[in-house]
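Please look over the sequence and the model before reading on.

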Amino acid sequence: MHFAKICPEEEAAPAMSEAEKARAWVRVLATYRDPSTARSLFELAATAIPFFALWAIAWGLLTIHPLLALPPALLNGFFLVRLFTIQHDCGHGAFFNSRFVNDWLGRGLGVLTLTPYDVWKRSHAIHHAGSGNLDQRGIGDVNTLTVAEYRALSPFGRLRYRAYRHPLVLFGVGPAWLFLWENRLSYGPPGACRKTKRNLHLTNFGIAAMLIGLFVLGGWKLLVLVFLPTALLAATLGVWLFYVQHQFEETHWEGDPDWQLHEAALHGSSHYVMPSVLQWLTANIGIHHVHHLYSRIPFYRLPEVLRDHAELADAQRLTIRESFACARFHLWDQQQRRLMSFREARRLYGPIPA
């Protein structure tokens, strides 16, 4: 699942460590970082216009029969994911050249995505800075324990962790809780500044105004049968995408001082291979290993990287069919250096003594 060389001109160079190879890619990827204002505006329009159009269609169908509104509302969940990915690029300073424009577009989109932009931006930066580091878990990631840590828990602690990692919680209750409730209250990591706190409250105010407006226009049916299905499906899709981008069997975890930023970025992030329609709807977020190596690349330029560098196109490939198996991985085995299920951990290391 990883490549053997950096680029053709370096084939004769002395052997490089995986960390050195990953760092060498950063110099290559820097050439793709510049966004195009015209292209960014096009991508924004190509996402926002269908998003609002589908809401309008669903609203109109409510007058014929309430259940007819569900298909366009659910389809719109994919466009909401795309809007979130644009917000995500804004957070990395990758969508426009102007930091001011990136930030204010991100804040505006945060009302639609139910995600306070400045709070999320801060947490996500920590995720990128420590992804794959066993000593920096807990902020902006999926809670993952090692086999040894899990076996050292109390019976109640193990039960709680097993409940957290259950698919019905991770991809059902969890996304709804995160986007509908936790995002309304959390300032993110400790030490939030005044700007971050203000953004949380302004985003909540904007969401409240949006919901009141929808209720005035279409009553509770517009909220329950249009807004809510769109938001919940987008939340579930977003959590699933984030999960499989880092929680695949041969991902990369390391503790200090052996952890290396670029090596973890490359080998700890998957290349989620999807049909072209899904890749477009998710704004190429599946090309996650390249994104983690160089987060300033606009999402619409990520396919250029794979087109120009076959080594990256072949690295960490994970198909949709293969990704379903990721839901049964729960624990990181430091000895075998891979994720495994509770059942496999019990088979390899025996039952936990009472």
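Apart from neighbours within four places in sequence, T230 is in contact (heavy atoms within 4.5 Å) with F51, W55, A73, N76, G77 and L80. T230 lies in helix 9, where helices are DSSP runs of H or I with at least four residues, strands are E runs of at least two, and both are numbered from the N terminus. T230 counts as buried because its relative accessibility is 0%; buried means under 20% relative accessible area, exposed over 50% and partly exposed in between, with a 1.4 Å probe and protein chains only.

The model is predicted: local features need pLDDT of at least 70 and side-chain atom pairs count only at pLDDT 80 or more, while totals for chains, interfaces and linings use all residues. Residues are numbered from 1 along each chain as its sequence is written, and side-chain values use heavy atoms, with hydrogens and water left out.

**Helix 9**

Helix 9 covers residues 194-246 and spans only 32 Å between its end C-alpha atoms, whereas a straight helix of 53 residues would span 78 Å at 1.5 Å a residue. The expected span is 1.5 Å times one less than the number of residues. Helix 9 has a kink of about 125 degrees centred on G218, the bend being the angle between axes fitted to the seven residues ending at a residue and the seven starting there.

**Helix 5 and its partners**

Helix 5 has 14 residues and reaches 20 Å from its first C-alpha to its last, close to the expected 20 Å. The table gives its packing against two other helices. Axes are lines fitted to C-alpha atoms, for helices over the stretch in contact, and angles between N-to-C directions run from 0 to 180 degrees.

| Pair | Axis distance | Angle |
|---|---|---|
| Helix 5 and helix 9 | within 14 Å | roughly 5 degrees |
| Helix 4 and helix 5 | 8 Å | about 115 degrees |

The angle makes helix 5 roughly parallel to helix 9. In this contact, Y117, D118, V119, R122 and H127 of helix 5 meet K195, T196, N199, L200, T203, F242 and H246 of helix 9. These residues comprise four nonpolar, five polar and three charged. Here Ala, Val, Leu, Ile, Met, Phe, Trp, Tyr, Cys and Pro count as nonpolar, Asp, Glu, Lys and Arg as charged, and the others, Gly among them, as polar.

Helix 4, by contrast, is roughly perpendicular to helix 5. Angles of 65 to 115 degrees count as roughly perpendicular, under 35 as roughly parallel, over 145 as roughly antiparallel and the rest as oblique. On the helix 4 side the contact uses R99, N102, D103, G106 and R107, and on the helix 5 side Y117, D118 and K121. By class, the contact of helix 4 with helix 5 has one nonpolar, two polar and five charged residues.

Which residues of helix 5 are buried? They are Y117, D118, V119, W120, S123, H124, H127, H128 and G130. Their cover includes helix 3, helix 4, helix 9, helix 10 and helix 12. Just after helix 5, G132 takes a positive phi of about 85 degrees.

P116 is in the loop between helix 4 and helix 5 and is buried, with a relative accessible area of 2%. P116 and R184 are 68 residues apart in sequence, and their C-alpha atoms are 8.1 Å apart. Beyond its neighbours within four places in sequence, P116 is in contact with N183, R184, N199, L200 and T203.

H271 is in strand 2, residues 271-273, and counts as buried at 5% relative accessibility. Leaving aside neighbours within four places in sequence, the contacts of H271 include G286, I287, H289 and L306.
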